Amino acid sequence: MNPILFWLFAAIAVVSSLFVVTKRSPMANALALALVMTALAGLFAGLSAPFLFIIQILVYTGAVVVLIIFVIMLLNLRPEELKLQALQKGKFFASAVVALALTGLVLRLVSAEGSTPPAAVPASFGTVEAIADELFTTYLLPFEVVSFILLVGIIGAVVVAKRGE
Amino acid sequence: MNSGSMASGAALVFPDLSGGALNPLLPFLILSVGALVLLLLDSLFAKRNNLPWAMISSVLPLLALATYATRWPGQSGTTVFGPMYIEDPFASFVGILVCIATLFGMLLSETYLKKMGRYRGDYFALLAFSASGMVLFASTTEFLTLFLGLELLSIPVYILTGFLRRDQKSLEAAMKYFLLGAFSSALFLFGGAFIYGATGTTDLAVALRSAPQSPMLQIGFVLLLSGFLFKAATVPFHMWTPDVYEGAPTAVTAFMATSIKAASFGALGRLLYNAAPVTQILPIPDMLWWIAVLTMTVGNFAALTQSNIKRMLAYSSIAHAGYMTVGLVSFASSGDTEALAGVLYYLLAYTLMNIGAFGVVILWSEKGTERLEIGEYAGLGWKTPALGLAMTIFMISLAGIPPAAGFFGKYYIFRNAVEHGYVSLVVLGVLNSALSVYYYLRVLVALYMRPATREFTMDRSVVVGSVVAFCGLALLWIGIAPDTVLPGVPALVGWVRESVLTLR
Amino acid sequence: MGEITTGHYVALSVVLFFIGSVGVLGRKNAITVLMSVELMLNAVNLALLAFSRQWGNHAGQMLAFFVIAVAAVEAAVGLAILVAIFRLRETTNLDDMSTLNE
C-alpha cells in the first residue's frame with residue numbers, strides 16, 4: 001500500500017477513535033466511529049481484501065452505526081443527562097495508563113516477531129468469488145452457525161424491546 | 001478454476017454430506033434445528049400461549065442425550081468439516097452435562113415463568129440455541145468455530161437474563177452481562193488473531209504446537225485464555241457474576257450457572273490439552289495456581305456475608321470454579337488426563353447440586369414476588385419436610401460434606417493435586433471448604449432452627465418437585481457409590497476416566 | 001516514510017484495540033461503551049486482514065467476515081436491551097443502574 005495513504009488512513013482512524021472514547025455526546029461518538037470504520041475500510045482495500053472493504057462500508061458504517069444513531073435519536077438524550085455522562089476522570093485515566101503500558105508491551109513483543117515479506121497472492125485474492133468459494137466449502141459449518149446467531153439476534157431484539165403485551 | 005484454491009494451496013470441494021456424514025453433528029443439530037421448530041410452533045400458536053412448552057422443548061435435550069447414549073461405549077472419535085467439529089468421548093461427556101442442565105433448566109422454567117407472568121415459547125427456543133452453542137464450543141479446536149460457539153452460547157443468555165423486561169434488575173443484569181461479555185469476546189478474538197498471525201492457521205491444535213516459542217502466539221494464548229476464564233467466572237473475571245446471577249430470572253440463573261460452567265471448563269480442558277507446548281514455556285500452571293487460590297478465597301469470603309440466596313449461590317459458584325481450577329492446575333502442569341477426569345466428575349456433581357438448589361428456591365418463591373432472603377426461609381424445613389430434606393442434601397453437597405457427591409468431587413480433585421505435588425494448594429482448598437461450611441449451614445439453621453415468620457402455602461409443581469428429587473437422589477447415589485454400575489451405564493468414575501483418554 | 005509492512009498494520013490495530021478498551025473500562029454511558037466494543041472488534045479485523053495478506057490464505061478474511069456478522073448481532077441485542085432499560089427508567093448511565101449494588 002502507498003505509504004502516504006496508509007499514514008493518512010491511520011491518522012484518521014487513531015484521531016477519530018480517540019473522539020469515540022473521549023467526546024461526551026453519544027452522537028459525536030457515533031459519527032467519529034463511522035469515520036474510524038471508513039478509514040479502516042480504506043486500509044482493508046490496501047490489504048487485498050476488496051470483499052471485506054465493501055462489507056465494512058455496507059454493514060458497519062451503513063448498518064451498525066446507523067442503527068446506533070437511530071437509537072441515540074430514539075432515546076432523545078437531553079443535555080442534563082449528558083452532564084451525568086461526563087467522563088469519570090480517575091477511572092478513565094487509570095485505565096488509559098494501563099492500556100498505554102499494555103500497548104507498549106504488546107507492540108514490543110509483536111515487533112520482536114521479525115517481519116518477513118508477505119506471501120505472493122494472485123490478483124483474485126480476497127475477491128467476492130474467492131471468498132464465496134471458501135465460504136460454501138471449507139466454511140460451510142460456520143456459515144450455518146452464524147445464521148443461527150443472526151436469528152437469535154432478531155428474536156432477542158423482539159423479545160426484549162418490542163412494545164405491547 | 002477458482003482463485004481461492006490457488007491461494008490456500010488446497011483444492012476446494014463441497015463437503016460430502018451424504019450417508020451418515022453428519023451423524024457426529026447430531027446433538028448439535030437436534031438442539032439448534034429443534035429450536036427452529038419451537039419457534040415455528042410458537043408463531044403458529046401465538047394466540048394461545050398455553051402450550052406445554054417445558055414438555056415440548058425438553059424433547060430436544062432428551063433426544064440429544066439419546067444420541068449420546070447410542071454412541072457409548074466404544075466410541076473412538078471422529079471429525080466433521082476438518083477440525084471444525086470433533087466428536088470424541090470428552091465432547092460427549094460435556095455434551096451430556098450441557099443437555100442435563102438444559103433439560104432441567106427447561107423443566108424449572110415453566111413454573112417459574114408462569115409465576116412471573118411471562119410464559120412464552122421463544123424463551124425455550126433461546127435455551128435450546130444456547131445449549132447448541134455450548135455443544136459446539138466444547139467440540140472444536142478450530143478458532144472460528146470456537147468463537148461462533150462462544151457467541152451462540154452467550155447471546156441467548158444475554159437475552160434470557162433480561163427476559164423479565166418489566167423488572168429493573170433483570171434488564172440491568174442483562175446490560176452488564178452483555179457489555180462485559182462483548183468485551184471479553186473482543187479479547188478472545190484478538191488472542192485468536194495473534195495465534196493466527198504467528199502460525200497462519202486457525203486450527204488451534206496445529207497452531208499451538210507449531211510455534212510455541214513465538215511471543216506473538218504467547219500473547220495470543222493469554223488473551224484467548226482470558227476469554228475462557230471470563231465465561232468460567234474466575235478471578236479476576238468474576239465481577240459480573242453476583243449481579244447477573246441475582247438479576248436474571250431464577251430459572252435462567254440455574255441454567256447458566258451450570259451449563260456455561262460445564263461448557264467453558266470442558267472447552268478449557270481441551271484448549272489446555274492442545275496448548276501443552278505453550279504451557280511448558282509460559283508459566284501457565286503458576287498463573288492458574290494463583291487464579292485457583294484467589295477464586296476460591298474471594299468467592300467464599302464474599303459468600304459469607306450474603307443474605308440473598310441467589311447472591312450467596314453466585315459467590316459459591318465462583319468458589320466452585322476455584323476448586324475446579326485446582327484440577328486444571330494439575331492437568332496443565334502434568335498433562336495427566338486423570339486430573340481432568342476429576343474436573344469432569346466435579347462438574348457433574350456441581351450441575352446436580354446447583355440445579356437442585358435453584359429448583360427449591362423456585363418452589364419457595366411466590367406468585368409475582370420471589371422470596372430470596374435467607375431469613376425468609378425460617379422454619380420452612382418443618383413446613384415442607386421433603387423440600388427441606390432436599391435443600392439439606394444440596395447444601396451439604398455444596399459444602400463438600402460426605403456422603404453427598406460434592407465431597408467425593410472435591411476429594412477426587414484434591415487427591416490428584418496432591419499426587420502432582422500441589423500440597424499447599426490443597427491445604428488452601430481444604431481451608432476454603434471449611435470456611436464455606438459456615439454459610440451453607442446458615443441456610444439449614446434458618447430452615448430448621450428459626451421460627452417461621454410468614455404464612456406459607458406451597459405452590460405444588462410436580463415437574464419442579466421431581467427435578468429436585470432426582471437431583472437429590474442422584475447426588476446421594478453418585479456420592480455414596482461412585483463406582484456402582486447401573487445396567488447399561490458404565491461405572492461413573494470409570495466412565496469419566498474413559499472420556500478423557502482419547503481427548504484431542 | 002518507508003515501506004508499509006504487516007507490522008505497521010498490526011501496530012495500528014493494537015493501538016486502536018487499546019483505545020477501545022479504555023472506552024469500555026473508563027466510560028459510563030452504555031451506548032459509548034457499546035461503540036468502544038465495536039471499535040475493538042474493528043481493530044481485531046484490521047489485524048486479521050493484515051495477517052491474512054501476510055500468509056496469503058483466506059482464513060483471516062473469513063474470520064473477519066464472521067466477526068462483522070457477529071458484531072452486528074451484538075449491536076442489535078445490546079441496543080435492544082438499552083431501549084428496554086430506557087423505557088423503564090430513562091437513563092443510559094451505568095452508574096444509575098444501582099438496583100444491583102445495594
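The exercises below, each with a worked solution, concern chains A, B and C of a predicted model.

**Exercise 1. Describe the make-up of chain C.**

Step 1. Count the elements: chain C holds 3 helices and 0 strands.

Step 2. Take burial next. Of the 102 residues in chain C, 73% are buried.

Step 3. Look at the sequence separation of the contacts. Taking contacts in chain C between residues at least 6 apart in sequence, 48% link residues at least 24 apart.

**Exercise 2. Characterise the side of chain A that touches chain C.**

Step 1. Count the residues on each side: chain A contributes 70 residues and chain C contributes 63 residues.

Step 2. List the elements of chain A that give two or more residues to this side. They are α1 (3–22), α2 (26–46), α3 (50–75), α5 (89–111), α6 (128–135) and α7 (140–161).

Step 3. Find the largest share. It belongs to α3(A), with 12 residues.

Step 4. Sort the side of chain A by class: 56 residues are nonpolar, 12 are polar and 2 are charged.

**Exercise 3. Characterise the side of chain B that touches chain A.**

Step 1. Count the residues: 32 from chain B are in contact with 29 from chain A.

Step 2. Identify the elements of chain B that supply at least two residues each, namely α1 (3–8), α5 (121–137), α6 (143–161) and α9 (215–232).

Step 3. Pick out the element that gives the most, which is α6(B) with 8 residues.

Step 4. Sort by class. The side of chain B has 22 nonpolar, 7 polar and 3 charged residues.

**Exercise 4. Describe the packing of α4(B) with α20(B).**

Step 1. Read the geometry. The axes of α4 (residues 89–116) and α20 (residues 462–480) of chain B come within 8 Å and cross at roughly 145 degrees.

Step 2. Assign the hand: the crossing of α4(B) and α20(B) is left-handed.

Step 3. Name the residues. B:Phe104, B:Leu107, B:Leu108, B:Glu110 and B:Thr111 of α4(B) make the contact with B:Val463, B:Val464 and B:Val467 of α20(B).

**Exercise 5. Carry out the analysis for α14(B) and α18(B).**

Step 1. Read the geometry. Helix α14 (residues 309–334) and helix α18 (residues 405–419) of chain B pack at about 30 degrees, with axes 9 Å apart.

Step 2. Classify the angle. The limit for roughly parallel is under 35 degrees, and α14(B) and α18(B) are therefore roughly parallel to each other.

Step 3. Assign the hand: this crossing of α14(B) and α18(B) is left-handed.

Step 4. Name the residues. In α14(B), B:Tyr323, B:Val326, B:Gly327, B:Val329 and B:Ser330 meet B:Lys410, B:Ile413, B:Asn416 and B:Ala417 of α18(B).

Step 5. Sort by class: 5 nonpolar, 3 polar and 1 charged.

How values were computed. Residues numbered from 1 in each chain as written. Chains lettered and ligands numbered in written order. Predicted model: local features only at pLDDT ≥ 70, side-chain atom pairs only at ≥ 80, totals over all residues. Contact = placed C-beta atoms within 7 Å. Helix = DSSP H or I, 4+ residues; strand = E, 2+ residues; numbered from the N terminus. Nonpolar A, V, L, I, M, F, W, Y, C, P; charged D, E, K, R; others polar. Axes fitted to C-alpha atoms, helices over the stretch in contact; angles between N-to-C directions. Parallel < 35°, antiparallel > 145°, perpendicular 65-115°, else oblique. Left-handed = near helix turned anticlockwise from the far one by under 90°. Buried ≥ 20, exposed ≤ 12 C-beta atoms within 10 Å, placed from the backbone.
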